[in-house]
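Q: Could you take me through this structure feature by feature, giving the general idea behind each reading before the case itself?

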Amino acid sequence: MHIRRQPGAALDAPLVLDGRNLELLYLRIDGRELDQSAYALDKKQLTIEGLPEAADLEIGTRIRPVQNTALEGLYLSGDMLCTQCEAHGFSRITYFLDRPDVMTRYRVKLTADRTRYPILLANGNPVDSGSSDNGYHWVTWEDPFPKPCYLFALVAGDLAMIEDEFTTCSGRKVALRIYVEPENKDKCDHAMASVKQAMRWDEEAYGREYDLDIFMIVAVGSFNMGAMENKGLNIFNAKYIIADPKTATDDDHEAVRDIIGHEYFHNWTGNRITCRDWFQLSVKESLTVFREQQFSAAMGSEAIRRIRQARLIRTQQFPEDAGPTAHPVRPDSYMEVNNLYTLTVYEKGSEVIRMLHTLLGAEKFRKAMDQYFERHDGQAVTVEEFLAVMEQAGERDLSQFRLWYSQAGTPVVNAEWEYQPGERRHVLHLKQSTPPTPGQAIKQPLHIPIRAALLNASGASEENILELCQAEQQFVFQDTNPNTGISLLRGFSAPVQLVMAHTDEQLRQLITQSGDGYASWDAMQKLYFGTLLDRIRAIQQKKTSTKPSVLSQAIERLLENPGENPALLAELLLMPSESVIADQMQQVDLDSIIVARDGLRSELSRHLYPLILQAYEKSAGSSPYRFDNESVARRRLNNVCLGWLVAGGGPEARELAMHHYQQADNMTDSLGALVALNDSDGPERTKALHEFQQRWQTQPLVLDKWYTLQATSRLPSSLDSVRQLMSSSNFDGRNPNRIRALLGAFAHANTRGFHRADGTGYQFVADNIQALNALNPQVA
Ligand code: TRP
Ligand code: ZN
């Protein structure tokens, strides 16, 4: 590398480079081998004294990718060599200033055995290649854009490639290439189509054009996370590239599209403009998740995307924010950078950007983004610099809003809706408070945008944005009548927990007439909670349980008037999981939750069987599989109905599910049947699982689904099955996808098995995490 002392730096300051698990072979300065006395080496750093003002530094290191089980730095996935450098993988490859604000231009020459590694890739553009007579060949790549080392990547292997082309808005042609292991070559069309959609969308929505002549993606089987945005050479977990109707579900197809979008959008929000240090991770991740969500909404149904995002926040991020590891979107300490890749930074952070978008409005937000790109291109920036642009171009004072970045915890907003007959008006009383989190006892009021609409017999009014800034605040609505209702937090306009009392009648109106997918779904959830908590109390007091009638009628009404979006209906029909119900209780009584939920579900199933069956039959598909919004929505409803039917416990429903499984021409329907059968012990489940395993045993990504089914079954035997599967000799305990499919699914999604009263669920997971930690700390 060519190095130069920073102007102003002390002349006798040594150069301190980061490096781990490296074997130093040689160290040369301006061509001269450096004497051992001129540098110091320890486990983490190489310190070089007495460097001139500017110098050429040559460092030779030896690394052993075969022994790299942490999957950081250069490692082996199958027969392929690949890298993962974010956050500190580069210093496992060579000695370097491993921090994001050191931006460098890279020229990379790869030399390798031609038969084992015919494909040699790195960032940027290929500029030279050749072969030696000893069976080796070489390729040189040059990336014209200065970048931090966490965006460095290289790949070597015997890979198949599919190729396409994209013409940018300015008319430049960009070669698009996806590299995969040869057996997956026929499963990349969806990924390629998604790349093109993402490129076009970023041009249209943000005016961002791609900046190299070639854009490459490599899919690898062993990968710690979802994917990585390395400049010009994205590296993906194969799970988020490989997709065809037979082996991937609709949800898989959507995830592939969204993650391809995410990594592609990083090219501007992350790569061209990166973060100054890892505390500023939000500067690239929150913003890129938000852009990904906008893309996803533009490609699919906005309402459904929003319900799912809200569900993720409410079921996973809220608990994180209420637990021992609660931290702000911009954290102020860490023991290990890998621990910063959290739902709070990614998902809550994205909600924070969304609130900015709401407060500024689409137009000013876009103007601010244009200015952000213009002002900071090529820089490593802070959250503060991002906010300064939002503030100036958005013409808004964001001093209170900034607290969203520094204050942890989920705000609770209490709402009361009061009619004042003398004045013929309603007053909305709002109160906010944020519970203390570790290290932050006292909380300040936040700046919270709350989307609101009035509800009358004819439906919802125009939306307003209420800005809640004080601990307590009132909003007056003139000329209302006693029956006027209000719908708040529409579109989940802020990541808060809204507490508001509703009558059953008000909930019913919200479900059918709110005109907002999220608001309807939220009201339906409340109806479920009300009924379930009633039952749980009855069980605890050993009384017989009360009427499911309000809920039952609501479902009946939904099934009779399904509306025009079957996917929305499917979301409304989904019953809250045990863990979501637990979140509603001060003291969690899992046994009662289970009895209440199972009881209610099977009663409703039996009571509404004919109606559900009708909805099931109406949503059955006849034409061959297609991945488009309409078919996805139809299949979704169809499979949710099947689940409801089987929950009643009758043999005819299990037969129906078996038939559904055997008729399926796509993975969405196969898996829909398996999920429906997964909680009932019987020959159907055993048979279907066995067939599935036989059919897919050579395809690891599909087999992962088979593992997950067993890990998430509500049957009491699930822990024993998981234990057996883990200790079996076919279990690849080093592959992160496989570990997540079994152990991860058990810990995260098997409430009953994991929280077994005898503690064996915890013991099992803890033991396995401890063992895994020795191999792969990030996945552990
Ligand atoms: N930057 C990646 C993303 O969000 C995340 C990521 C991929 C990552 N691999 C990693 C983060 C390894 C830490 C370590 O798109
Ligand atoms: Zn990202």
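A: Let us begin with a loop residue: threonine 410 lies in the loop between helix H8 (403–406) and strand S22 (412–420), where helices (H or I, at least four residues) and strands (E, at least two) are DSSP runs, numbered from the N terminus. This is a predicted model, in which local features need pLDDT of at least 70 and side-chain atom pairs count only at pLDDT 80 or more, while totals for chains, interfaces and linings use all residues. Residues are numbered from 1 along each chain as its sequence is written, chains are lettered from A and ligands numbered from 1 in the order in which they are written, and side-chain values use heavy atoms, with hydrogens and water left out.

Q: Is threonine 410 buried or exposed, and which residues does threonine 410 touch?

A: Buried means under 20% relative accessible area, exposed over 50%, and partly exposed in between (1.4 Å probe, protein chains only). Threonine 410, with a relative accessible area of 10%, is therefore buried. Taking contact as heavy atoms within 4.5 Å, and leaving aside residues up to four places away in sequence, threonine 410 touches Phe318, Asp321, Ser433, Thr434, Pro435, Pro495, Val496 and Gln497.

Q: Which protein atoms are the donors of the zinc ion (ligand 2)?

A: Donors are N, O and S atoms within 2.8 Å of the metal (3.2 Å for Na, K and Ca), and sites may look incomplete because water is not among the atoms. Here the protein donors are His262 (NE2), His266 (NE2), Glu285 (OE) and Glu285 (OE), lying 1.9 to 2.8 Å from the zinc ion (ligand 2). Histidine 266 lies in the loop between helix H2 (250–265) and strand S20 (274–275), whereas glutamate 285 lies in helix H3 (residues 281–299), so the pair ties together parts that are 19 residues apart in sequence. Histidine 266 is buried at 0% relative accessibility, and glutamate 285 is buried at 1%.

Q: Why is the arrangement around the zinc ion (ligand 2) irregular?

A: Ideal angles at a metal are 109.5 degrees for four tetrahedral donors, and 90 or 180 degrees for six octahedral ones. The six donor atoms around the zinc ion (ligand 2) subtend angles of 48 to 163°, which makes the arrangement irregular.

Q: Which polar side chains contact ligand 1?

A: A polar contact with the ligand is a pair of N or O atoms within 3.5 Å. A polar side-chain atom of glutamate 86 lies 2.6 Å from a nitrogen atom of ligand 1, and an N or O atom in the side chain of glutamate 229 lies 2.7 Å from a nitrogen atom of ligand 1.

Technical notes. Tetrahedral: all angles 85-135°; square planar, octahedral: opposite > 155°, others 65-115°. Polar contact = N/O pair within 3.5 Å; in protein donor to acceptor, adjacent residues only side chain to side chain.
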